[in-house]
Amino acid sequence: TLDVWDLRQEYRKRIRFAHKSKYGFLVNIRKCSQVRIHNIILENSAFWTLNLNSSNNIQVTNTVINNNRHIANTDGIDISGSSNVVINNCFISTADDGIVIKNSLDIGSTKPMSNIYIHDCEVISCTNSFKIGTESSLDISDVTVENCRFYLPDIFPCGASGISVESCDGAKVENISISNIEI
């Protein structure tokens, strides 16, 4: 039998990086307000698929993100410095973070973010199905995640999680409610 170290190395051999010319957001909503993304399919991104950056009042519903689960950095939905965001009834399959909340000067954020509501989504991920953190130097508050299913079929033995809440870069992360989750 293989030990855990050998299993991790075998898993990591399956992860590939896209060619440098392929990097860039598939969809980048930046400094916008009152945006509704509804009933679309996004596929085969080589980087963050749907980036909601420094925006306000965004709704993402009935959206499918279907990425290759062996390409690194293919986040599903990145909520970066945006407030008043609702994500519901979405299906996401990706190699990196499924739905991730980030708030940092390094990615263009300028103020605290709050009021994020994620519900009734299904996420398949090789790393983190739902994550708050990394690139989180500015505060994040009032986040609710409920009634979701998180699948991690390719996870073992990689270091990852169904739910990850981190303040790696100094942000105050508060008023986080996560309930009725199936992993």
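## Val-123 and strand E12

Val-123 stands opposite Phe-150 in strand E14, and Val-123 itself is found in strand E12, where strands (E, at least two residues) are DSSP runs numbered from the N terminus. The model is predicted, so local features need pLDDT of at least 70 and side-chain atom pairs count only at pLDDT 80 or more, while totals for chains, interfaces and linings use all residues. Residues are numbered from 1 along each chain as its sequence is written, and side-chain values use heavy atoms, with hydrogens and water left out.

Val-123 is buried, with a relative accessible area of 0%; buried means under 20% relative accessible area, exposed over 50%, and partly exposed in between, with a 1.4 Å probe and protein chains only. Leaving aside neighbours within four places in sequence, Val-123 is in contact with Ile-92, Gly-98, Ile-99, Ser-129, Arg-149, Phe-150 and Tyr-151, contact being defined as heavy atoms within 4.5 Å. Val-123 and Val-64 are 59 residues apart in sequence, and their C-alpha atoms are 10.0 Å apart in space.

## Pairing around strand E14

Strand E12 (residues 122-125) runs parallel to E14 and is joined to it by three bridges; two strands count as paired if DSSP finds at least two bridges between them. Strand E11 (residues 113-119) also pairs with E14 in the parallel sense, over six bridges, and within this pairing Tyr-117 stands opposite Thr-144.

## The largest nonpolar core

The largest nonpolar core has 29 residues, of which Leu-52, Ile-79, Ile-87 and Ile-118 touch the most other members. Strand E14 (residues 140-151) gives the most to this core, with five residues. A nonpolar core is here a set of buried Ala, Val, Leu, Ile, Met, Phe, Trp, Tyr and Cys residues joined through side-chain atoms within 4.5 Å.

With neighbours within four places in sequence left aside, Ile-118 is in contact with Ile-79, Ile-87, Ile-99, Phe-130, Thr-144, Val-145, Glu-146 and Cys-148.

## Cysteines

The structure holds zero disulfides, a disulfide being a pair of cysteine sulfur atoms within 2.5 Å. For Cys-90, the closest cysteine sulfur is that of Cys-121, at 4.6 Å, which is too far for a bond. Cys-90 is buried, with a relative accessible area of 4%, whereas Cys-32 is partly exposed, with a relative accessible area of 30%.

Terms used
Helices (H or I, at least four residues) and strands (E, at least two) are DSSP runs, numbered from the N terminus.
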